[in-house]
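Let's take a walk through this model together, starting with a helix, moving on to the ligand and ending with a pair of strands.

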Amino acid sequence: MKEISVGLIGCGTVGTGVAKILLEKQPLISSRTGLAIRLKRIADIDTKRDRGLAIPAGVMTADAGAVIGDPDIDIIVELVGGVTIARDLMLRAIDSGKHIVTANKALLSAHGDRIFPLAAEKGVDIAYEASVGGCMPIIRTIRESLVADRIDSIRGILNGTCNYILTKITEEHCPFAVALKEAQEKGFAEADPTLDIDGLDTAHKLAILNTIGFGMTIRLEDIYVEGIRAITPLDIEFAEAFGYRIKLLAISKQTDDGVEARIHPTMIPRGNLLSDVAGSLNAVEVSGDCVGDMILYGRGAGMMPTASAVVSDIVDLARNIAAGIRQRVPALSYRPEAIRPLPVLPMDNLVTRYYFRFTATDRPGVLSKIAGILGNHHISIQSVHQKGQDTGGQVPLVMLSHLAREKDVKQALAEIVQLDIVTDQPVLIRIEDTGGH
Ligand code: HSE
């Protein structure tokens, strides 16, 4: 049986899961591949911790350089995380002719412009299935299964931390801070949750999906990103009353003028499959011109689901090595010369439906004044909800619009906020109630 040797750099949670699979599931893997995939070295700064694994003597080292420099190793699995040390290690490994498996979305989205060209030059493969959506095979689906499709849109719930928090607020009507604290206590959110709740982790993932889905280069700063910190139980209750759920949705759509790339809390109609994705689960919907809409659903994080995706990449590359082929599928789904910088459409051009919540004085004429300003900016109201009692106090006034342009919405809200009958910043949540395209 042909042996393929793997070096793992970074043996934290996911790395331990990968080691566990490679050490304990050889019979299954070789019965499916006909290969002996051997975990030859593991590098981690902590060589002593009990990982609950029988790691053979001589496998563990603190020296990542020794793993990269081992001439027997065919595939380097980078699970260090971060974008500095990991980048240097990866570039060194590629330079040494090693094939790469990584889960590092931050690294690929920030430094892909150096990593992928170097890999092409050196003739090595880079696989990164676990970087987006944990165990869901979205990269393989787009790169291979949908090769015949023009991808029209990609919409995803790609961050389990945010989805856990939003589900918690929906189910228990608790404030954001309480839901975040519980997510941290249960291990669903990091001690510093910024990357997740401010949407940046989702942006890293959407950048990768945009590149492989549309064959485009995209900079992180071209993606509009709004996180979930401002979501309140009140807005979630109103959303429910109107038949919607609020999700942090990553949305990319390809149009004749360019590409929409945006991440923001989004109202999705109940009944749409994405609205039912609860807790820490992820889902991504891809619309192609041949397949129509399709959805992947599963665990976007966690030791064994993510490790499963990493091992699927190791197996892919091992099969290529055994067959004596390289770069069977272009790393970024399109041949490098076919990838072009498509225009990313400015948010001001977005046309969608909106939910507005104003905090306004409860007295006659308030509704018509606000609706009048919206009308002056070509924003037509579809439904209104107000539970006032004409007491002169402050009440929430909620409106759902028909299709409107973001630029008009911003101008109208800037005018409305100046009214003395409006006492707080208006809340705006975008609505997605069509299919993917
Ligand atoms: N932190 C991510 C999440 C998982 O909460 O979904 C890794 O990308």
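Of the 15 residues in helix H10, 14 are buried, so the helix is largely enclosed by the rest of the structure. Buried here means under 20% relative accessible area, with a 1.4 Å probe and protein chains only. H10 covers residues 200–214 and reaches 21 Å from its first C-alpha to its last, close to the 21 Å expected at 1.5 Å a residue; that expectation is 1.5 Å times one less than the number of residues. Gly215 follows H10, with a positive phi near 65°. Helices (H or I, at least four residues) and strands (E, at least two) are DSSP runs, numbered from the N terminus.

Please keep in mind that this is a predicted model, in which local features need pLDDT of at least 70 and side-chain atom pairs pLDDT 80 or more, while totals for chains, interfaces and linings use all residues. Residues are numbered from 1 along each chain as its sequence is written, and side-chain values use heavy atoms, without hydrogens or water.

Now to the ligand. A polar side-chain atom of Thr161 lies 2.5 Å from a ligand oxygen atom, and a backbone N or O atom of Gly160 lies 2.6 Å from a ligand oxygen atom. Asp196 places a polar side-chain atom 2.9 Å from a ligand nitrogen atom. Taken alone, the ligand exposes 260 Å², and the protein buries 82% of that.

Finally, look at strands E11 (residues 281–288) and E12 (residues 292–299), which pair in the antiparallel sense over eight bridges; pairing requires at least two DSSP bridges. A hairpin of three residues joins E11 to E12, and Ala283 stands opposite Tyr297 in E12.

How values were computed
Buried < 20%, exposed > 50% of the residue type's maximum accessible area, 1.4 Å probe, protein only. Polar contact = N/O pair within 3.5 Å; in protein donor to acceptor, adjacent residues only side chain to side chain. Areas by Shrake-Rupley, 256 points an atom, 1.4 Å probe, with all protein chains shown as cover.
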